[in-house]
Amino acid sequence: MPSPCNLPALIRSPITSKIKYVIGICAMDKKARSKPMRYILNRMLAYGDFEVVIFGDKTIIDEDVENWPGCDFLICFFSSGFPLEKAIQYVKLRRPFIVNDVYMQSLLWDRRTILAVLDAVGVPTPPRLVISRDGGVSVDPQAAIAFEQNMGMDIYSILGNYLNNTKNFLITEEGIRVDSAFLPKPFLEKPVNSEDHNINIYYSKEAGSGGRRLFRKVGNKSSEFDPDLKMPASEGSYIYESMLITENSEDVKVYTVGPTYIHAETRKSPTVDGLVKRNTEGKEIRYVAELTREEKAIAAKVSKAFGQMVCGFDLLRVKGKSYVIDVNGWSFVKGNDHYYDQCARLLSEAFLRSVTRRPSTTIQDIPRGILPGNAWKLKGFAAVFRHADRTPKNKHKISLVAQPFIDLLEGSTLEVVFRQKHQLQLVIDAIDKCLEAKIEEEQKLLSLREILEKKCELPGTKVQLKPIFDKDSNKLRKLQVNVKWGGEFTHAGLHQSRDLGENLRKDMNLLNKHVIEDIKIYSSSERRVRATADVFTRYFLGRPDSIDGVIYESKYLLDDSNAAKEQMDAVKKQLKTLLRYGNEVSPAVLAQAGWPSNLPQPHVLLREVCTILSRMRNVMRLNWATKDVDQIQRRWCCFESPNLFKERWEKMFNLFCAPQAVYDSSDNNSQDTRKSQPYNSPDPSGIPELYDSLKYDALHNRTFLETIFSDPEVSNHYHSHSNSMDTISETGSQHSHPTVDILETTHNIDLRNLYSHVRALFNFVAPQEYGLNEKEKKMIGMLISLPLLKHILNDLDDFKKSENPKTRLYFTKESHVHALLNLVYLSGLPVKFPRSSLPELDFLTQITFELYERHQIDGKEKEYSLRIAFSPGSHDDSVLDLHMDAEHCLKVAPRK
């Protein structure tokens, strides 16, 4: 945290004394508690002059503005669902210092208004034509007055013809004509509504015709080519903007904090190929850029013209000239500490300067009932976490009769288990003796040896040696050797737990810093769960010298039990029937499970998975025979190796690639062939294991995964397309018929299709293993998580009765989180998101219970509000599209 900067010479309160000034955050929770906001506000708190009050969705949506908390300084900005008119009423009533003018924010809702204002203040914009069919621009009278006071201009004069419908226009396949002006293709078609990001590009016939549809980023896509998109819209109001050839095919994202500090980043333009490069936080990869003197002047004009001190806008660089194409209003840079430092400093200076310009601080005039101390405040925080990243669980079985292994029994007729490192070394020694004597199959012994050599130091590795006797003669018939390993806490899990602890600490510091003064943390006894809890706790508590006595192990609350085994086994049998080949699942069941409407029946998708895996098995074995697999990926983490990778995937092939499940989908008569061949559907219980392995390798072994499953013939085809695209790129034509989409469909298509199909099947199977209907969900949920639920309810009751705020946290495994989540949904509490809309419960999934307390207006009674939130944890829908770093770590998604 930075030290206080050189602020103006004002009387400042020491950090340890009563806070003097109050910063109010009036924005939707998703924005007000976002990571950039947390980072900036925590820096401002470090100065010692401020206290932060987050209004919260409940107050903003449900409360009258007379009951909103009072503050000296107001950070207030519009986003989806935000009642801007109420915020304006609040500003009129309390008159705080505002960072971004609330009256003028509505000017950013219409692209016609934005562009007209930019023209008026001398900011360059691309050539355009406008077709209005909605009666023209509508301007809020308060916004018009505020704009005139700010800029000395009449907004209605600026808008001119945009205030009415467009009368004389002609739309053809060649272009757009409005009055005497003509705009030829290629051009962009933008809805006048700034919140509508469905933008179309229309290409000329010379460039191949067709168009590209741009949209808000979905997974790794921000646009897609449509060969049938030729005629512009015949209904609605649109801006038609000339498509400019930008430098390096990049957009520039610009962020201002007042007129003097400007931050800029470049990103690949969505008009190129629509493929989004993301980092491990799921954020688009961008690069810090230096602005020219003219661009800095443009940024100052934009911030001033719209009265938005903190403001973002988009800029294009074309042949040495810059054009603004959109203004977004309040925007924060993500993941840049220098920006956070500067933003915190500049906002603090602006706040403290404003005090000298006002006769008295507003805190003196705020009615007692809405003083910050009487606002909604976090009284208690309880949360349940799934553990962080771990290695996949694996097992390897072989049977043999070699004497060195028989000697390990030491005469016992019962199963013998080896866990300790020195015990596992005895097994390795037995393998070496067999290899030296050339008894038993060499390859299976070498595979067993590599597993033990790589995994013997990990506490989760064990060998089970089980003698099998002949029933008649009672003589030893064979030994069954079972090796089990995996489920170990990874380096990515360490980073995830640390980051979550630090970020949750920042969040609690804003909501109520005293909430972590009384804290208890409970963990199951499993190693990966306890390791998660240990790392998280150390960083959540600010890295104290010791965390002894903070974490309590509770097998009763958080460890697995077999209480629901019978019920879950019955559900798994039902799932197997649902996924049996030929079984058509009813639309009602599919809808309840959240099955995507654009996908075929689950049994069809499962069969396609088997077919893809059959092809991938052939490709892997071919590459294994023709490539130097040890050179594909230099660095292996988590005690992995190429052979262990192969061992894991061969197991997946055995589960899903039974001979009768293999067919050639490229055969023209494949449909008839499929009908005539017998087909046994794989056990659905293998789907989570397949998805787990696929996702693990996508994160930790990406290079090896993509290379070993890359068909040599398809790869050569891909590289030839890449070279041709490089040639196109070198000519500088962005208007030519786009073919980059083809590349995505030719390179590693099987791997990508496998991931998307298996993820869909996993999302269908995994939640329903805990019950297909409400009765089953309730029964299984109660058998698994009733003790935990009761404990949390007792916590909430204790929070209400206690004088001091408290925190209670629980770390467990996936089964308890599934069961508890079902019970929450079955409780009858109002929810914003249906259960089927939630993504998978990934590592560090959270269910949080935030109890808020407020003194009523008369100051005598207290009232309470409970907010239950959910985070899917370290999750991303398109793991294969993320650009991984050495941490191999997906960041934790925010709670909602």
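## Cysteines

Cys-637 is buried, with a relative accessible area of 7% (buried means under 20% relative accessible area, exposed over 50% and partly exposed in between, with a 1.4 Å probe and protein chains only). This is a predicted model, where local features need pLDDT of at least 70, side-chain atom pairs count only at pLDDT 80 or more, and totals for chains, interfaces and linings use all residues. Residues are numbered from 1 along each chain as its sequence is written, and side-chain values use heavy atoms, with hydrogens and water left out.

Cys-71 is in no disulfide either, with its nearest cysteine sulfur, that of Cys-26, 8.4 Å away. Cys-71 is buried, at a relative accessible area of 1%.

Helices (H or I, at least four residues) and strands (E, at least two) are DSSP runs numbered from the N terminus. Two strands pair if DSSP finds at least two bridges between them.

Seven bridges join E20 to E23 (residues 476-485) in the antiparallel sense, and His-396 has Val-483 in E23 as its bridge partner.

Leu-414 sits in the loop between helix H10 (403-408) and strand E21 (416-418). Is this residue buried or exposed? Leu-414 is exposed, with a relative accessible area of 61%. Beyond its neighbours within four places in sequence, Leu-414 is in contact (heavy atoms within 4.5 Å) with Leu-409, Leu-465 and Pro-467. Leu-414 and Leu-465 are 51 residues apart in sequence and 8.7 Å apart in space, C-alpha to C-alpha.

## A hairpin

Strands E7 (residues 175-178) and E8 (residues 181-184) pair in the antiparallel sense over four bridges, and Arg-177 stands opposite Phe-182 in E8. The two strands form a hairpin with two residues between them, and Asp-179 in the turn has a positive phi of about 55°.

## Aromatic rings

Rings of Phe, Tyr and Trp (its six-membered ring) pair if their centres lie within 6.5 Å; planes under 30 degrees apart count as stacked, over 60 as edge-to-face and the rest as tilted. By this rule the count comes to 37 aromatic pairs. Tyr-39 and Tyr-340 have ring centres 5.3 Å apart and planes at 55°, so the pair is tilted. This pair links distant parts of the chain, with Tyr-39 in helix H2 (residues 35-46) and Tyr-340 in helix H9 (residues 337-357), 301 residues apart. Both Tyr-39 and Tyr-340 are buried, and they belong to one aromatic cluster that includes Trp-330 and Phe-332.

Definitions and conventions
Disulfide = S-S within 2.5 Å.
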